Amino acid sequence: MNSVSQPDLRRDAAPRWARVWVGVLFTLLVVPGLIGFDWWPLTGWRMYSVSNRATRIDWGIEARTADGTVDVTWPDLPLGYRLAAWPIATLPEAPVSQREGMCMALLDAVRDAFPTTASIALVRDRRAIDDEDRLTVLERERIHECSG
Amino acid sequence: MMSRLRATIDDALFGPESAARLATTQRLLAAAIAIRLVLTPFARFTDVPDDLVFPVPFLWWLESRPSRELVIGLQVVGVVAALLATARRWPRAAFAVGWLCYLVLAGLRASRGKVLHNDLLLLWTAAVFLFAPVPHDERDRTPSRRYGWPVRTSIAMMALIYWFAAYHKLRRSGPAWAWGENMEYVMRWAPFAGEPRLPDLTHWVGNHRPVAVLAAASILALELLFPLVVWWRRARPLVAATAVVLHLGTWLLLGLDYSMWIVTVPIVLIDWSAAGTRLDRRRREPERASAAPAGEPALNRG
């Protein structure tokens, strides 16, 4: 005879509240996962899902300094500013006040890296990479400029 | 048919695991949270002007970046709680406090206008353990359904997360994500988009199409096949090792830090309590063999 009696078998089960908790977690994981939307920490897990090509759109900062025009690279800026390309990408549809606020916020950080900066422009670049792995800016659109 | 499917899913999520495995997995997840909280300079994200703060949805009530003192305070509380959970002192409460501090701090870090996934695998798999039972005997290796669901569910969630990554690659780019020129250009753009640790190797992969395609196909295959670990235990160490290599490669070649994924996958997929027991047994074997009287076989072989 089996040493585990029926009541013991029933007791050796995940409790009902655990099933509810697992159900809630799976719903929160599966719904954004299938649809592909982000509401952090809910996410669609779409990381790096768009194929790369020889051309791409990049968002950045152009600084006018005493030595001429400089393309600021993100590692030039403090850690907290290095993801600013993503909010800059939303600026074409944003009101002027929001563009100016973000531009001025970035100007201070750019001045720490390039002290002679007189003004900056937030830019949208269409860039290409050639067979020699050299970068070319094919087209530049200045989204917003600020100084002060 | 339906009842069989239901039983399969039920077993995948709520099947038996030992109390020892549950406690060890939760202990290691808590240690990973403590390490992340110690090593990440969360306070360096506080000196960002409000115009560059875009709170993640659950932090919508934040009107500006919290003070440096508050962030450091959360970090200290989180580390202490996670260490207590690692030491199995008030495991449930300590784990919850450590996880909550980690969630808020990772949320603050992610409040910069870009969706960050770096911390999400650990946060999601650890979330399952928030209500994990606390076994009376944490060295008990008898499988039980009472203790199995947190481990089983976290494995299933992890598998689903990897599968979703492949699903969206195929949905948005199709098979060309692997077979096309995608990975070549990922590598060739990398020096302009990130900070590769091995730029020469990044350049080399980007200029050798078969290698780039092989790398992309391996990534897609790993993500698509990851759910096998839910039912196929023997595949877990290999899948864990492959995932570690993938994320390590991403860091070396592209400079993208997925260190918490490197740590989380082996913690969840491998039964470290069983591995510890096996190691312990192997260490004791020579002692027992030498202690056994001549002519008698040593015990506990195999």
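The C-alpha centres of domain 1 and domain 2 of chain A lie 43 Å apart in this predicted model. Domain 1 of chain A spans residues 1-50 and domain 2 of chain A spans residues 55-147, with bounds taken from an automatic or database domain assignment. Residues are numbered from 1 along each chain as its sequence is written, and chains are lettered from A in the order in which they are written. Local features need pLDDT of at least 70 and side-chain atom pairs count only at pLDDT 80 or more, whereas totals for chains, interfaces and linings use all residues.

In chain B, the assignment gives domain 1 (18-143) and domain 2 (147-283). Their C-alpha centres are 23 Å apart. The contact between them (C-beta atoms, placed from the backbone, within 7 Å) takes 24 residues from domain 1 of chain B and 21 residues from domain 2 of chain B. On the domain 1 side, helices H2 (19-39) and H5 of chain B each give two or more residues; helices are DSSP runs of H or I of at least four residues, numbered from the N terminus. H2(B) provides the largest share of that side, 10 residues.

The axes of H5(B) and H13(B) (residues 259-269) come within 8 Å and cross at roughly 30 degrees, the axes being lines fitted to C-alpha atoms over the stretch in contact, with angles from 0 to 180 degrees between N-to-C directions. H5(B) is therefore roughly parallel to H13(B), a term for angles under 35 degrees. Leu121(B), Leu122(B) and Thr125(B) of H5(B) meet Met260(B), Trp261(B), Thr264(B) and Val268(B) of H13(B).

Between the chains, the contact takes 51 residues from chain B and 40 residues from chain A. H6(B) contributes the largest share of the chain B side, 13 residues.

The largest nonpolar core has 109 residues. Such a core is a set of buried Ala, Val, Leu, Ile, Met, Phe, Trp, Tyr and Cys residues joined through C-beta atoms within 7 Å, buried meaning that 20 or more other C-beta atoms lie within 10 Å of a residue's own. Among the residues with the most contacts inside this core are Leu106(A), Ile33(B) and Ala159(B). H6(B) supplies the largest share of the core, 15 residues.

Definitions and conventions:
Contact = placed C-beta atoms within 7 Å. Buried ≥ 20, exposed ≤ 12 C-beta atoms within 10 Å, placed from the backbone. Parallel < 35°, antiparallel > 145°, perpendicular 65-115°, else oblique.
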